[in-house]
Amino acid sequence: MDRKKKRSLSLYQKFSLTIIMIGLVPMLLLSTFFTDRIIRNYTEAMRYQYEQAGGYVSSSLESMLDSYNSISKMPYYYNFSIEGNAVKDYLSFDNFRKIVTGEDYEAENREIRREADMTIFLNYLSSVDGYISSVHFVAGEAEQKLAFHYSTYSTYFKDEDLFEQVNGYQNIDKSSNKMILIPTHQTGYFSSMSEPVFTVARNYFDLRGNVGNTPYVGTIFIDVSLNRVEQLFRTVKFSGYEAFYIVNEAGDCFYSSVKDKIGINLSQEINNLHDTTEELVISTQKNDYGLKVVVIMNTEEAFSNIRQIQRMMYLCLTAAIIGLLCGSLFFSKRLTKPMHEMMEQMKQVESGNFEIQLPVRSGDEIGILAERFNQMSEALNNYINQSYVAQIKQNEAELTALKSQIYPHFLYNTLEIIRMTALEETEQNKVPEMIEALSKQIHYLIGPMQDMVPLEQEITIVREYIYLLNCRITSKVQLTVDAPGANGIMVPKLILQPIVENAYVHGIKPRKGNGSIMVEASVQGDIQEISVMDNGIGMSEGEVEKIQKLLTGNEPGIKNEYNWQSIGLKNVHDRIRYLYGEKYGIKITSTPKMGTIVRLEMPRDIAGQGTAAMGDTEKEIRYVEDDSGR
């Protein structure tokens, strides 16, 4: 069997790889390490910078909302009477409630006076901060609802339902005494303008009652222009490669550098944000008002200059690699050309010509190599003639001795069967037929001495042997054969009969009853497997180990008190191994009270070499022996 040549690297390839591995790879790794280290340090610095900037914006945002929190409490400190004069009394916190309810107004002009005073209050409240665009107050429910609106830029309020919808008036917790922060929305409820604002709201309660019993009066809404938030970001210098967002716990976007995102719920997007190779995500802790700042930096653009330097380094290294390869090609060709000429001559040696002598043209390493090769070829030729041929003859002699051992053993057992039958007094004398069967077996033994025979011939000899057994015992042994293409499967001569004999003597005979033996041939991958199975008494695990030890040992069989046992089994195993190698031979599995399986394993391409010659006449043997065994 020819072995595939293992292709190795040429001297040129090894030389080039050595230059690259020693010179350029460390440079490549070092440059990659430094650029990655620079990017990592730059990333950390950018992260720290953005965390500081985000923290500053978040803190400034909290301070800004604190001021609007104080402004939203002003209804409790409004100390002007309904006549517009400042009053100083301990119930000044109740002045705003009196305006809302109109209880101190005369009935005939109550609505006019309340509207006028409420407008003055809302105007006063909006003037406190230049970024307050409008102020609203809503009190009561359904038909008794009171709504007052004031805008710095518009005098006409057009849509009450839209106002309550965008500010979520119906869903406001009317029992809360904390400032309520409403996400950014458009002021489309005024006629002449619509701008993005966020709204702070606070419930107003009647404080005249006992502690814990302060009825709800209404809710004040303060619209703050988004320019107020934008002013916070102007105080912070960013790189320009980022997008930032101000969101609440629900994910509503109050402000963003991406204008399309303002006023939209970004909960899903924010929750899915994490650092990637393309983006760096920085998020601050939420402040007291539930707002946090999220900054997303585009690292691909931010690190573009560093990446460009890295690409230039790789380009220079690539040019250096190409230069080194060209140089190594030039020098290695001058070195390897004589070696290639030597390799051409060596092919003669591969074909078995050990008489070849390489020419020695120089005194350098190549010349010394040619001289050493000539010495090796001569020594190898002598060794093969003296040692290898002698070893082959020794193996042939050992194999012949193994084959000769089994013939006397086989004849002795067969003659013993005929002798025992002749001693029995039976009406039907089977001795002549038994002698005829024996003569066929002797003819098979002393016939042509070829090593390999078709499996069908081995099965025929087993049939004759089973017939002889059934002639002298009361119980019958049934033979079953399943061997497709048996006439095309070449096996060593006389390998089945010893296995079948063992199956009867050590498996079926101790049962003192009927038994069956099955011979089966099959292919398992590249192995031709022939199995002999019986339904005898089987063997214990210890007995199987004892036989396996025999097969791997040097003893011819198992020695008992009177004689040797399992000689035939050991003989067959050794013959298969001599012919095909150590990985082949006999394998045994057995189960007590169930039976034993003996598998003969041989290489398929050798065991089946007779199949191609069969052609269309190939036979399949599948039968069960009758009671006569023939």
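Modeller: The account below takes the sheets in turn, then single side chains, and then the aromatic rings.

This is a predicted model, in which local features need pLDDT of at least 70 and side-chain atom pairs count only at pLDDT 80 or more, whereas totals for chains, interfaces and linings use all residues. Residues are numbered from 1 along each chain as its sequence is written, and side-chain values use heavy atoms, with hydrogens and water left out.

An open sheet of 5 strands has the order β2-β1-β5-β4-β3, with antiparallel pairing. Strands are DSSP runs (E, at least two residues) and helices likewise (H or I, at least four), numbered from the N terminus; two strands pair if DSSP finds at least two bridges between them. The edges of this sheet are β2 (146–151) and β3 (180–186); each has a single partner strand, so one side of each is left without a neighbour in the sheet. On average, neighbouring strands here are turned by 20° against each other, direction ignored. Such angles come from axes that are lines fitted to C-alpha atoms (for helices, over the stretch in contact) and run from 0 to 180 degrees between N-to-C directions. Within the sheet, strand β1 (residues 132–139) and strand β5 (residues 216–225) run antiparallel and are joined by 7 bridges. V135 has I222 of β5 opposite it.

A further open sheet contains 4 strands in the order β7-β6-β9-β8, again with antiparallel pairing. Its edge strands, β7 and β8, each pair on one side only. From one strand to the next, the twist averages 20°. The antiparallel pairing of β8 with β9 extends over 5 bridges, and V281 stands opposite I296 in β9.

T284 is found in the loop between β8 (279–283) and β9 (292–298). With 12% relative accessibility, T284 counts as buried; the term buried applies under 20% relative accessible area, exposed over 50%, and partly exposed in between (1.4 Å probe, protein chains only). A polar atom of the T284 side chain lies 2.9 Å from the backbone nitrogen of V293. This is a polar contact by the following rule: N or O atoms within 3.5 Å, where within protein one must be able to donate a hydrogen and the other to accept it, and residues adjacent in sequence count only if both atoms are side-chain atoms. Leaving aside residues up to four places away in sequence, T284 touches G54, G55, S58, K292 and V293, a contact being heavy atoms within 4.5 Å.

The pairing around β13 includes both directions. Strand β11 (residues 477–484) and strand β13 (residues 515–524) run parallel and are joined by 6 bridges; L479 has I517 in β13 as its bridge partner. Between β13 and strand β14 (residues 527–534) there are 8 bridges, and these two strands run antiparallel. Q524 stands opposite I527 in β14. The hairpin of β13 and β14 has 2 residues between the strands, and G525 takes a positive phi near 70° there.

Q528 belongs to strand β14 and is buried, at a relative accessible area of 4%. A polar atom of its side chain lies 3.2 Å from the backbone oxygen of S522. Although Q528 and I489 are 39 residues apart in sequence, their C-alpha atoms are 8.8 Å apart in space.

The aromatic rings complete the description. Rings of Phe, Tyr and Trp (its six-membered ring) pair if their centres lie within 6.5 Å, and planes under 30 degrees apart count as stacked, over 60 as edge-to-face and the rest as tilted. By this rule there are 19 aromatic pairs. One of them is the tilted pair of F96 and F121, with 4.5 Å centre to centre and 45° between the planes. This pair links distant parts of the chain, 25 residues apart: F96 is in helix α2 (residues 95–101) and F121 in helix α3 (residues 110–126). F96 is buried, at a relative accessible area of 0%, and F121 is also buried, at 0% relative accessibility. A stacked pair is formed by F244 and Y255, at 6.4 Å centre to centre and 25° between the planes. F244 lies in strand β6 (residues 242–247) and Y255 in strand β7 (residues 253–256), so this pair ties together parts that are 11 residues apart in sequence. Both F244 and Y255 are buried. Ring pairs also join Y76, Y78, F96, F121, Y124, F137 and Y204 into a cluster.
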